[in-house]
Amino acid sequence: MRLQARRTRATFFATSLLAAAVLAACGGGSDAASNAPSTSAPVVEATPTSLRLEKIGGYSTGQYEVSAAEIPAFDAASKRLFVVNAQLGAVDVLNLANPTNPVKIGVLDATTVLAGASINSVAVFNGTVAVAIQAAVKTDPGRMALYRASDLTLISSVTIGAQPDMVTFTPDGTSVLVANEGEPSDDYQTDPEGSVSIIDVRNLAAPVVRTAGFTAYNSQATALRASGVRIYGPGASVAQDLEPEYIAISADGKTAWVTLQENNALAKVDIATATVTNILPLGFKEHGVAGNELDTSDRGNAINIRTWAGVKGMYLPDSMASYTAGGQTYLVTANEGDARAWFPIGVGETEGVAQADYFAGNRSGFVEELRVSALASATGWVTVPPQLRAVGTPPVAGALLDPAVFGYCGAVPGNPGACIANAELGRLNISWVQGYKTDGAGAPLRYTSAGVPDANGDRLMYDKLYSYGARSFSIWNANGTLVWDSGAAIEKFLASPDCKLGSARNIPCATYFNSGHNEGNAFDSRSDAKGPEPEGLAVGKIGNKTFAFIGLERMGGVLVYDITNPAAPTRVDYLNTRDEWATQPSALNLATVGDLGPEGLVFIPAAQSPNGKPLLVVGNEVSGTTAVMQLNLTY
């Protein structure tokens, strides 16, 4: 998400690699010039029948809607919590010795490594802290820096790719991997290549960088598009268009998977050779199928979760974690969704003014997101992105909905009818770059304004509408094949009487269904966009069970699922620690409103925990708060 018009997105370090968690618990802090893991045996723990989240503590920056608490990571030896504070462009260091009362004790400042820089992500292994540092100009190369957790001293830093967005250690701690997202400049005139940095940190004082890039795929753009990988940035090569977002690593440390969020794909990386071995398209979710329903409108003052034939959800996952079940590696993704929307905003200029100027063709940029009602019309386009107006030779002047697909909501030849009404599909945000009919070469088929096929026609015909995010979390196998998806379960749960909000769990979720983290007394306000937006994700193993913790960015709160059987996960709990819903949040009422906008989560096993019980720490970017939740286990 973007809290500010052009805020860089950061992903987070989730302790899905449980071997690393155990090693950290046993090995303590390391302040030598090496990073060799401990060989102590892990402690066997009992397997719970269930668990219940309880917020036991927290820390507030007092800053509202400036991303002052995003990505947490924990060091067991020093009992220190490291939390990315985008508002400072740094990492806040909290003493977590008493989990009920975290206390800020220091800051890691990226500007000492790179002038004007900011920190996007943080990870910890055996007393060593790794941070991903973005340059002042985000399209310039960034850096990865290592710090000593015990005294916060800088150990070393190395140059890596543009806009490093997520950092993580391999399970044995010998390497650090960084996802270099490489987003374009706001005017889309500079577009760096995405890449993955693989950094040997066995000698902490002298890290060695290798780069897994995507240039070998530049000649495969047509095949990748045909397979379902979204390659669509204006004038971009494959390597420029692919934007690595988040990394998960196999338990043996040999393979990494990288979410390519905007591209709706995963990259598979061989760590030993620093090579991208495959790009795996994730496919699309059929919202016309029972079990995959969604609410598409923020109007009508009603919950309307139903099937919509012709609407396809793009998974577009943000965070991802790996775990092992039955000797196989599985990947868990939070399917947030994200659109490319770039245009420069001048000093003192509002985003709305800048966007209108871009839509008028007066400034460079690229926006793919459009409401269905703006896309499809019987009279042609009024306000659409200039790149859409340029589709076809000569350019087309409007778009229609295929009656064979969308007749159920009122589409007829030459007129989308009631399909573009607010209560139907009109308010839904979709991507205009795909979904219209094309010939075998990929060129758009043309239609007249009456909906008749005609090579001289000036209309596109959409028979598919691609929406952002799947409003779900998914489990995939190591080759990117879907094993399980939560379908419509999240929205249906939020609409049900079983769902409660607040630390005391006494507020009906349905009263504030699909509302936003920066709104008061709102209802159904996010249904036209990406719904509750599952974004943050952590995975933790307790005894013989594996649990997934999913943060809902917009609606807030954390869902807990038992994913021990990857083909049949079950919901275990939900806790939303926003306590005031009727009042508009602001910097003045944060103490009573509670936690808003969960971004990053980190699971702390009991063996590492300062109080001997498993914990979940959540960075809430909108409220600028870090919440400490205890997992109360039942046996």
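Hi everyone, let me start with a cluster of charges: R526, K530, E533 and R554 are linked in a network of salt bridges. Do keep in mind that this is a predicted model.

How many salt bridges are there in total? The count comes to 25. Let me walk you through a few of them.

K55 and D595 join their side chains in a salt bridge, at 2.8 Å from N to O. K55 sits in strand β1, residues 50–60, while D595 is in the loop between α9 and β37, so this pair ties together parts that are 540 residues apart in sequence. K55 counts as partly exposed, with 31% relative accessibility, whereas D595 is buried at 6%.

Next up, K104 in strand β5 and D92 in strand β4 tie together parts that are 12 residues apart in sequence. Their closest N and O atoms are 3.2 Å apart. Here K104 is partly exposed at 33%, and D92 is buried at 2%.

Then we have R459 and D458, with closest N and O atoms 3.0 Å apart. Buried or partly exposed, which is R459? R459 is buried, at 7% relative accessibility, while D458 is partly exposed at 30%.

Now to a sheet. It is open, with 4 strands in the order β10-β11-β12-β13 and antiparallel pairing. β10 (164–169) and β13 (208–213) stand at the edges with a single partner strand each, so one side of each has no neighbour in the sheet. On average, neighbouring strands of this sheet are turned by 20° against each other, direction ignored. Between β10 and β11 there are 5 bridges, and T168 stands opposite L177 in β11. Thanks, everyone!

Note on methods
Residues numbered from 1 in each chain as written. Predicted model: local features only at pLDDT ≥ 70, side-chain atom pairs only at ≥ 80, totals over all residues. Heavy atoms only, no water. Pairing = 2+ DSSP bridges. Helix = DSSP H or I, 4+ residues; strand = E, 2+ residues; numbered from the N terminus. Axes fitted to C-alpha atoms, helices over the stretch in contact; angles between N-to-C directions. Salt bridge = Lys/Arg side-chain N within 4 Å of Asp/Glu carboxyl O. Buried < 20%, exposed > 50% of the residue type's maximum accessible area, 1.4 Å probe, protein only.
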